[in-house]
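Here are my notes after a first pass through the model. Have it open while you read, and follow the points in order.

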Amino acid sequence: EKGVIFADLLTAQRDHPQVLEKILGKVVRADEGKFAALTAALGQSGILVFVPKGVQLEAPLHSIFWGPGNGLIYFSHLLVFVDDGASLTYVHESASDSAAEGQSLHAGIVEIHVGQEASLNFVELQSWGTHFWNISHERAQVEREGSLEWIFGSLGSRLTKNFSEISLVGEGARGRMSGFYFSDKNQHLDHDTQQNHFARNTTSDLLFKGALRDHSR
């Protein structure tokens with residue numbers, strides 16, 4: 001009733017092309033890496049979240065990307081647009097069971113826009129099976145006086161390489177990136193983070209905590 005859109009990517013392409021055009025490929029370009037290019041070219045699974053100007057969502061939104069089986073490649077494209085003066089809490093999970101043999105790959109893109117004086121709390125949880133190789137390119141763009149709280153939970157996969165950036169492009173923008181990780185056996189979890197201050201009086205913070213067992217890194 002308030003114009004909020006929460007839809008899978010194929011539905012968004014059919015029913016909301018004008019909204020999709022606002023963010024698709026605008027925050028993360030397809031030429032930023034091989035896996036970003038692969039996802040942009042072949043990925044059809046994903047989510048569009050759009051919150052119009054001034055709309056304050058009190059209840060959180062929640063989505064799950066499930067990848068069963070092995071010997072497969074999965075792509076996901078997550079698009080979150082919080083317009084000026086709006087607010088949202090959004091939880092997204094990526095998960096699968098574990099396979100004793102074989103390997104699977106997940107390649108993902110996450111594009112986030114936080115408008116002027118808007119607020120987003122984004123929780124991103126990863127519990128892929130131990131046969132998964134997980135590579136993603138993720139960036140949030142925060143406008144004037146906007147606020148982003150970005151929380152990562154990293155538990156699964158054989159290897160994760162996660163490029164995550166907050167671009168503070170408007171004066172007074174705020175961004176905080178935090179996370180937790182628990183690994184064992186021979187897992188390798190690599191969170192490559194950046195906070196880019198492109199405007200005056202911007203503020204950022206970063207804190208990850210976790211525990212490692214066995215030969216994990």
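1. The side chains of H62 and E93 are joined by a polar contact of 2.7 Å (a pair of N or O atoms within 3.5 Å; within protein, one must be able to donate a hydrogen and the other to accept it, and residues adjacent in sequence count only if both atoms are side-chain atoms). H62 sits in strand β3, residues 61-66 (strands, E, of at least two residues are DSSP runs, numbered from the N terminus). Beyond four places in sequence, H62 is in contact with F6, Y90, V91 and E93, where contact means heavy atoms within 4.5 Å. H62 is partly exposed, because its relative accessibility is 44% (buried is under 20%, exposed over 50%, partly exposed in between, with a 1.4 Å probe and protein chains only).

2. A word on the ground rules: this is a predicted model, in which local features need pLDDT of at least 70 and side-chain atom pairs count only at pLDDT 80 or more, while totals for chains, interfaces and linings use all residues. Residues are numbered from 1 along each chain as its sequence is written, and side-chain values use heavy atoms, with hydrogens and water left out.

3. Now look at H92, in strand β5 (residues 87-95). Is H92 buried or exposed? It counts as buried, because its relative accessible area is 7%. Its side chain makes a 2.6 Å polar contact with the side chain of S63. Setting aside residues up to four places away in sequence, H92 touches S63, F65, L78, F122, V123, E124 and L125.

4. Which members of the largest nonpolar core touch the most others? Of its 26 residues, they are L88, Y90, I112, L120 and W150 (a core is a set of buried Ala, Val, Leu, Ile, Met, Phe, Trp, Tyr and Cys residues joined through side-chain atoms within 4.5 Å). There is also a second, separate core of 12 residues, A12, V19, F50 and F81 among them.

5. R139, in strand β8, is worth a look. It counts as buried, because its relative accessible area is 14%. Its side chain makes a polar contact of 3.0 Å with the side chain of E165.

6. E117, in the loop between β6 and β7, has a positive phi of about 60° although it is not a glycine. N201, in the loop between β12 (188-197) and β13 (203-212), also has a positive phi, near 55°, and is not a glycine either. E117 counts as exposed because its relative accessibility is 52%, and N201 counts as exposed because its value is 59%.

Conventions. Helix = DSSP H or I, 4+ residues; strand = E, 2+ residues; numbered from the N terminus.
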